[in-house]
Amino acid sequence: MIDEKYLELFLDEVSEHIDDLNRSLLELEQDKENPEIINEIFRVAHTLKSSAGFVGLEYLSRLAHRMEDLFQLIKDKKIQVNTELMNLLFSCLDAIKKAVANVQDNKEEDKESLNELVHQIDQFVEYELKSRPPEIEPKKVEDVIKKEEIPYIEDIPKQKIPQFELELSEEESQQLLKLIAPQDHVYVGHVFIDPDASMKNLRLLLIYNRLARIASVFKLDPTIDQLEKNSNIDRLNFVVYGNISKEQIVRLCQIDLVEEISVKEVELKKSLVVDAASKIPEKALTQQTVTVQKKQEKEFQDLSENIIKSRNIKVDSRKIDYIINNVGELVITNSGLQKIYEDLLEEYGESQIISDLRSKIDQAIRIARELQSGVMKMRMMPIGIVFQRFFRPVRDLSLSLGKKVELKIYGEDTELDKNIIDSLNDPLMHLIRNAIDHGIEPPEERLKKGKPEVGTLILRSYQSGNHIFIEVQDDGRGLDKEKIYKKALSLGFVKEQENLTEQEIYEFIFYPGFSTATQVSNVSGRGVGMNVVKEVINEFKGSIKIQTEPDKGTTFVLMFPLTLAIISTIHVKIENEEYAFPLSDVVETIRILPSQITKLQGKNIINLRKEIVPIYELSVLMGLPSKLNDIHISDEESNDDNIKNEFPVVITSVANKKIGFIVEEMIGKKEIVIKSLDQNYKNIPGLIGACLLGDGSIVMVLDVNGLIEIATKNYEEQISLTKTNEEVRKAIQNYNKKVVELTRIAKHTKKKVTLSKKISDTPLEKTIVETKKEIPTIQQLQIEPVIEIIPSYTTTTTTSIEVNKDVLIEFEKDKERRKEIGLKVYEDEVNNHVIAKENIEIPAFVGKSTDIKSILSEKDYEKLYSIVNSGMVNAGLVLSQLLGVTIDISVPEFKTIEYRDIKDIIKDVTYYNVFLETTGEFESLLTLFFDEEMGINTASELMGIPIEQRSKDKIDMEDIKSVLNELTNIVGSSLLNEIANKSGMAIKPSVPEFYIVNKNELIRLIENKKHPHSDEKIIYISADFLRDETELLGKLLLLPSKPNLIQLIERLK
Amino acid sequence: MKETNQIQLDSEFQENQAKEIQFLVFESANNIYGIDILKITEILKPVPATRLPNAENFVLGVINLRGNIVPVLDIKKILKNEYTDLTNFTRIVVCNIYNKNLGLLVERVLEVVTLREDQIEGGEIKNFSENYIQGIGRSKDKLFLIFNLPLLVEQYKSKDNLKELNYTEMEVYDR
């Protein structure tokens, strides 16, 4: 029935109307003849009538209409406001509220009750009018129809607001006489604009301009100045003269939304002669004009002032939330940008572009900040909105409880975030209820005590520092400490012996189930409300304090932090931990020398420009050990009064008192988003929360008030916590270190391959590969397969190990520790669970020669592959160690092929090739070859020769040869080592031989050495030697001859 | 015994279906524990944590979990007064209780076990911090201690709020 969109608008508007009506009715009750209030109510009723009618709420509209008429009568002094009327009006207001509630709940209009009230009003009016002779016969006039036609159930004769027009004084007439020309006519007129029109003053100005163009304007009321300033003036009176006709003037005045035009020609004689009034109303309307005195002018002014209430736009608060969210993201992104800028600067140094970037980033940050502050202000609303609502309840409550209470409010303009304001209603209501019910005494009792009969209830709000304070104060009985304590005792909230401070005793009233009310009234005493108050306060990180004095009264002081979601902070560092001070608390930061600290009454203080400022160590307050003792404090000892001994101090200010906090390092200013700690943990004294920096790290945000509390009241307790804090600190340092380690290892893990067997514990000595003295390092290193060292992250195709002594030692230690604890579970898992459950992944790239497939099982492949892998990994490790740089060896391709396929692998290019033969229990040929360019690059890379100098002529071939030889040695040995380990065979590698060959030569060489059959199975490995992301690809061929590949695999355990 | 119960079990299957509880079973402090899986929101590998000053000694620190600050409690520290040594199996189990998210650092997550109500029992409990054990779960040959999560949260909740505790204290009786 009703259009959704309009309905929402209506609901928005109507709630304001209800508030206005409420307030006005209350005021009216106190001041029954005040014309301003009467007008106000009239106006509201009028608007309500139209709005309700517009959305189709006929009965509600009717009621409003009646009220409007009623007030018209009141305005005309035909009816006087009395108590009966007040009650009637309040009932109407309640009915309106109910009607609105019905609309919100999508229910039908309560026709009956609304009609009933209409009836009552009619009766009242009838009665009242009968008892007083009417002064003027109310005329029947047709309604002024607005642009939007609103059909009414009944058309009720409506009286228009009486108009007035200018009067010309004698003097003015004489003046005018002198000015006019013979053919000129003088006209007096007025124009009345629809009061609901927008920009009324502009329309009137337009009329004035038009008039001025064809005639001379002698007098204008209101004046142009007034018109320009006041947009709510809806009428204009003028005196013009000129050679023009009345019709012309009237026509000029006929602009949009003009409701009435009245022009009269005037004959200037000694006195003003009223000509036959010829009015041409804009719409059909006849009216007698009544000249009214200045009083109405004033009334008009006041009315317009009242109308100028607010130029606000109503915005769905969700829209604002959405914007706030995005602004928050923007601020965080900006700091991310900032970080990137710093990284760029570090990497590339200063340049024009980077400076440009800097200034743009600064601009963006500045604009974001403006946005942020603007948007935050949008959500701030004056607390007056909430305070105002309490007048009515206070009135009702005091009446029903037989008390006399007057409500006073202060600081209505204090602004709070909308969220908080919305939630404050209930808690404040509760506190007020309590105050009236329990706090304020009945009038007789008050008189006996010598207090004024009427009790005072004060709602006060103000801002101080970074907080907003709201006080609920009464001058009643005060809280009974004894009674509360006893009740707490009986409810088991406290034990007999406990020593409690006054505040703590009073705090019990916030506990659930607590109420010392001996009688449970409908209003209070159920003990439910107070802890709801506490909950709301906690929700917004506020706090509540109780001040009370027996027989004098009680004050509840609620304190809410002004911290908006994004704040600016000053970051400091202590012991490698970063902390943030809210910028609003910081007054300045200074650097002092140890000698500047003196002791006063056992506390450390400094002299800050003649001001005594106590200082504390932030480290201690955060549980870290004190450093102050390390610093010489006394003058005599310190001879090092130089810059080096200076340390920074952050000076903060709370309630106009300055406190200094010693820190180790100043980091700088940042913009952060505060996150609550309480959400998942609890509030920590000294912190208002934590924040997330652009890079995701967490920084604690300090609560200066809390810090002061700890420093002054709980210092000993804090010191006692140092040990625990130290313990945790060490633990978390270990934890973080390990996390970094594990993630680093994990990062380089590309694919997981599981072990196929239990890790061999055979000491390396047994199968150590005998090598020539050229490579002594292998023997000394006693490389263990990396697999053993890193449990579940088993070897993969690529393993990069930054060679670091500590890491190696850690590896060793790790192994020992595990053995001690005996993580059999781990081994079991590796052996049983993982293999049984998971599918063994074969890296996708492992190519299988089709013939081999039928011969080698999946499992065998796995075995082989893992050996190759570990061999390569080892090789990488050794290489890295040798060269002192990180070398990764990855195996992008691994196949078992038949010898004949070799022709496809070896291309027709020049190769640098190194052979390595083995004897002993395992006879084979290993060859590593690079194509020329790759060979040079690899050798150079390993030698650390920069790219520019890598040309064949620049580098000594001998060097290349020896490097590649070495490489083959290492890689070959590692691989062979692995094979040796797994097969239990003793293997002896020969000296590497270097050749520069082409394809045919290479093949011939191989054949000479090994005479392989064409279908002999060999292993082909494509190896990638990665140094600092540079890929160097070489190829490895392993030709096992005795035992051959298949036998070899069989021997592998 | 099992056979006779078998028939009953089959017929009562539908009934019992509803009373099943699933536990995430993990190992810590040389013991195996279980937590009601409905309370668990996620399991992650350890990430860097920031120290929370003046907190209890079993609060290792806080982590950033997609914009939320979540505390990490070291189970081993609570139960055995030793800090967990990090291995590749260590995990942070994030639980949600009383609308608070908290992370538990466990040595190794094992599996998920489904128990019927009758498989959960209280028992004479020695050698552990009694408070943290809510009961014992038995499944085939698996035995684990049911960890009392709510109590843990109670331990560090602020004294401001006194909420009704939502766990049932298992009776300790002789078996």
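How many residue pairs are in polar contact between chain A and chain B? The count is 11 residue pairs, both at pLDDT 80 or more. A polar contact is a pair of N or O atoms within 3.5 Å; within protein, one must be able to donate a hydrogen and the other to accept it, and residues adjacent in sequence count only if both atoms are side-chain atoms.

This is a predicted model: local features need pLDDT of at least 70, side-chain atom pairs count only at pLDDT 80 or more, and totals for chains, interfaces and linings use all residues. Residues are numbered from 1 along each chain as its sequence is written, chains are lettered from A in the order in which they are written, and side-chain values use heavy atoms, without hydrogens and water.

**Where the chains meet**
- Chain A gives 49 residues to the contact and chain B gives 43 residues (contact: heavy atoms within 4.5 Å).
- H23(A) supplies the largest share of chain A's side, 12 residues.

**Salt bridges**
- Chain A and chain B share 3 salt bridges (a side-chain nitrogen of Lys or Arg within 4 Å of a carboxyl oxygen of Asp or Glu).
- Lys738(A) and Asp85(B) meet in a salt bridge, at 2.9 Å from N to O.

**Helix H2 of chain A**
- Helix H2 covers residues 35-54 of chain A (helices are DSSP runs of H or I, at least four residues, numbered from the N terminus).
- In H2(A), 16 of its 20 residues are buried (under 20% relative accessible area, 1.4 Å probe, protein chains only).
- At the start of H2(A), a side-chain oxygen of Asn34(A) comes within 2.9 Å of the backbone nitrogen of Glu36(A).
- Gly56(A) follows H2(A) and has a positive phi, near 90°.

Key:
Helix = DSSP H or I, 4+ residues; strand = E, 2+ residues; numbered from the N terminus. Expected span 1.5 Å × (residues − 1). Buried < 20%, exposed > 50% of the residue type's maximum accessible area, 1.4 Å probe, protein only.
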